[in-house]
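Hi everyone, thanks for coming.

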Amino acid sequence: MDSLRHEIRAAARQRRTFAIISHPDAGKTTVTEKLLLYSGLVRTAGMVGSRKSRKMATSDWMEMEQERGISITASAMQFPYKDVVINVLDTPGHQDFSEDTYRTLTAADSAVMVIDAAKGVEAQTRKLFQVCRLRRIPVLTLINKMDLPGRPPLDLMAEVEAVLGIHASAINWPIGVGSQFRGVVDRTTHRVSLFHKTAAGGATKALRTEVALQSPELKTLVDEETLAQVCHDLELLEMAGNPFSQEAFLRGEVTPVFFASALTNFGLENFFDAFVRMAPSAQPRVADTPAGEEISIDPVEMPFSAYVFKIQANMNPRHRDSTAFLRVCSGKFERDMVVRHHRLGTEVRLSRTHSLVAQDRNIVDVAYPGDIIGIVNPGQFLIGDTISLTGGFNYKPLPQFQPEVFARIQPVDVSKRKAFDKGMTQMVAEGTVQIVHSLNEHDSFIAAVGRLQFDVLQYRLKTEYRVETALELLPFECSAWLMGDVATFRPPSDAMMVKDHQNRPVVLFRSSWSKQFARERNPNHTLLEMG
Ligand code: G4P
C-alpha cells in the first residue's frame with residue numbers, strides 16, 4: 001500500500017497541468033509548439049498544425065473533423081519536459097471560443113497568460129483571467145512578440161496590474177525591444193541570457209550565451225544604450241516593483257512576468273524552466289458530500305477519482321459516440337478498472353481510454369492526479385459527472401457562464417419536430433448550448449458563449465438527427481442571473497427577462513452599457529455573471 005502511495009505521490013508532484021489563456025493571435029499556438037520543441041518531443045517546431053485548421057471557415061473545420069474521425073482541436077496533450085510531466089489543456093480561442101474554453105480551465109492547476117507586447121491585455125484574456133481568479137488558479141504571465149515593436153515593458157506591467165487587478169512581479173527583464181531584442185536578464189541572479197538565431201529560424205532551439213550582468217564581456221555583446229535602459233528599468237523595479245513570493249503567487253495575488261519571443265525562441269527556455277519550478281503540481285479538489293458538507297479530496301490519500309470537464313462530440317456520423325474528458329483528481333487510474341458512476345448510481349468499466357500527444361491518440365493504461373484522460377463515451381457521461389472507487393462525494397458542479405449570443409431555432413420541416421426535440425435534449429445535456437424560456441413559458445431560445453456553438457448545434461442536428469434547422473439570432477449581447485425580487489426589478493426597456501433550465505431568472509441585455517444601467521437603476525438587486 002505504501003509503495004502505491006509513494007508512486008502516486010511522486011507522480012502527482014511531477015505533474016504540471018495548465019492551460020494557456022490569451023487573446024487570439026497573441027501566440028498561444030506558437031508557445032505550445034515551442035514547448036514541444038524544448039521538451040524534445042519534436043525536433044522542428046510547426047507540427048501541432050492546429051493553427052491552419054483553426055483559421056479555416058467553420059464548415060471546413062467540421063469537414064476535416066469528420067474526415068479524420070478524431071479531433072483536430074486536441075483537448076489536452078501530455079509529454080515530459082525535463083523532469084516533470086506536462087499536461088497542457090487546450091482552451092480554444094478565435095471563433096471557437098465557447099463554454100468549453102471556460103470549463104477546461106477548471107481542470108487546470110495553473111494558467112499561462114500570453115500577452116502580445118504591442119497590444120497589451122485584450123478582451124478575451126481579461127475574460128479568461130476572471131475565471132482563473134474565481135477558481136483561484138495561479139497565473140504566470142508571458143509577454144510575447146518582444147522581437148516586434150511593442151509597448152514599453154514597464155507600461156505593460158502597469159497595464160496588467162490596472163486592468164486585471166493583480167500584482168505583477170517581473171522575474172526577468174528584456175534586453176532590448178523590437179529588432180534589438182537580444183534576450184533576458186534574471187532579476188534574482190543577474191545572469192543575462194543572450195540568444196542567437198539559428199539557420200532554421202525559430203523552428204529549432206535558439207543558441208544561448210550566458211553572462212553576468214556586471215561582466216565587462218556584456219558590454220562587447222550589447223550596445224551601450226540598450227544596457228543603460230536595462231539598468232535604469234531594473235533600478236526602478238527594485239525601488240517600486242512588486243516583490244515575488246511563491247505563496248502569494250499560489251494564492252493568486254501576484255503573477256510572475258516573463259518576456260520572450262515565441263517566434264524566435266528568445267527567452268522561451270528561461271520561461272519554461274521557471275514555469276516548471278513555480279507552477280503547482282496536482283492540487284487537491286473540493287467536493288460535496290451527500291450531507292452537504294464540503295471536503296477537500298487529497299490527490300494522494302484518496303483512491304482513484306475523476307470528473308468530466310468536457311464532452312467532445314465525434315463528428316464522424318458513422319460513429320455517434322463522443323469523447324468524455326476527465327481530470328484525474330486522486331489516486332491511480334488503471335485501464336479496465338471498474339468505478340462508481342456517482343450520478344447514475346451504477347458501476348462502469350473504464351476501458352476505451354486515451355490521451356493525446358500532438359495529433360496522436362495513445363491508449364492510456366495508467367494515469368495519475370493531474371492527468372487528463374479521454375474516454376470514448378457511449379452516452380453515459382455528462383459534463384460535471386464524478387467517478388471514483390469509493391463513492392460518497394461529488395466534485396463541485398462546474399460553473400455556468402453568462403451567455404453572450406442568443407437565438408431562436410426551429411426545424412425547417414415541422415414533421416421533424418420529434419427528432420429535433422430529441423437532438424436538442426442531447427445537445428443541451430452535452431453542454432453545446434443552453435436553453436432559456438420566456439417567463440410565460442411560451443417561447444424558448446438557445447444561448448451560448450460563442451457563435452460557433454450554434455454552428456456546431458445546427459451541423460450536428462443535420463448530420464446526426466437529419467433535421468435541417470432555421471436559426472434567427474436575437475439582438476442581445478450579454479446576460480446576467482438576477483438575484484432579488486423579480487417583481488420589483490426594473491429592466492432597461494430594451495432588455496428581456498427569461499428563465500434558465502433551473503427556473504432562475506436571467507436578464508438579456510443589448511449591450512454591457514445597458515447591463516450597467518440596470519445595475520445602477522436597481523441597487524437592491526444583484527446581477528450575477530456566473531452561476
Ligand atoms: P494564437 O494561437 O494565440 O492565436 O497565435 P499564434 O501562435 O497562431 O500566432 C499568431 C501569429 O503571430 C502567427 O503569425 C505567429 O507566427 C505570430 N507570432 C507568434 N509569436 C510571435 C513572436 O514572438 N513574434 C512574432 N514576430 N510573431 C509571432 P501568422 O502570420 O498569423 O501565422 P503563420 O503564417 O506565421 O503561421
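Trp513 and Phe517 sit in helix 14 (residues 512-521), 4 residues apart, or about one turn of the helix. Helices here are DSSP runs of H or I with at least four residues, strands are runs of E with at least two, and both are numbered from the N terminus. This is a predicted model, where local features need pLDDT of at least 70, side-chain atom pairs count only at pLDDT 80 or more, and totals for chains, interfaces and linings use all residues. Residues are numbered from 1 along each chain as its sequence is written, and side-chain values use heavy atoms, with hydrogens and water left out.

Now the rings. I count Phe, Tyr and Trp rings (for Trp, the six-membered one) as a pair if their centres lie within 6.5 Å; planes under 30 degrees apart are stacked, over 60 edge-to-face, the rest tilted. That rule gives 15 aromatic pairs. In Phe393 and Tyr395, the centres are 5.3 Å apart and the planes at 80°, so this pair is edge-to-face. Trp513 and Phe517 are stacked, with 5.8 Å centre to centre and 0° between the planes.

What about burial? Phe393 and Tyr395 are both buried (under 20% relative accessible area; exposed is over 50%, partly exposed in between, with a 1.4 Å probe and protein chains only). Trp513, at 64%, counts as exposed, while Phe517, at 33%, is partly exposed.

Last, the sheet: 4 strands form an open, antiparallel sheet in the order 7-8-9-10, where pairing takes at least two DSSP bridges between two strands. Strand 7 (172-175) and strand 10 (207-212) are at the edges with a single partner strand each, so one side of each has no neighbour in the sheet. Thanks, all!
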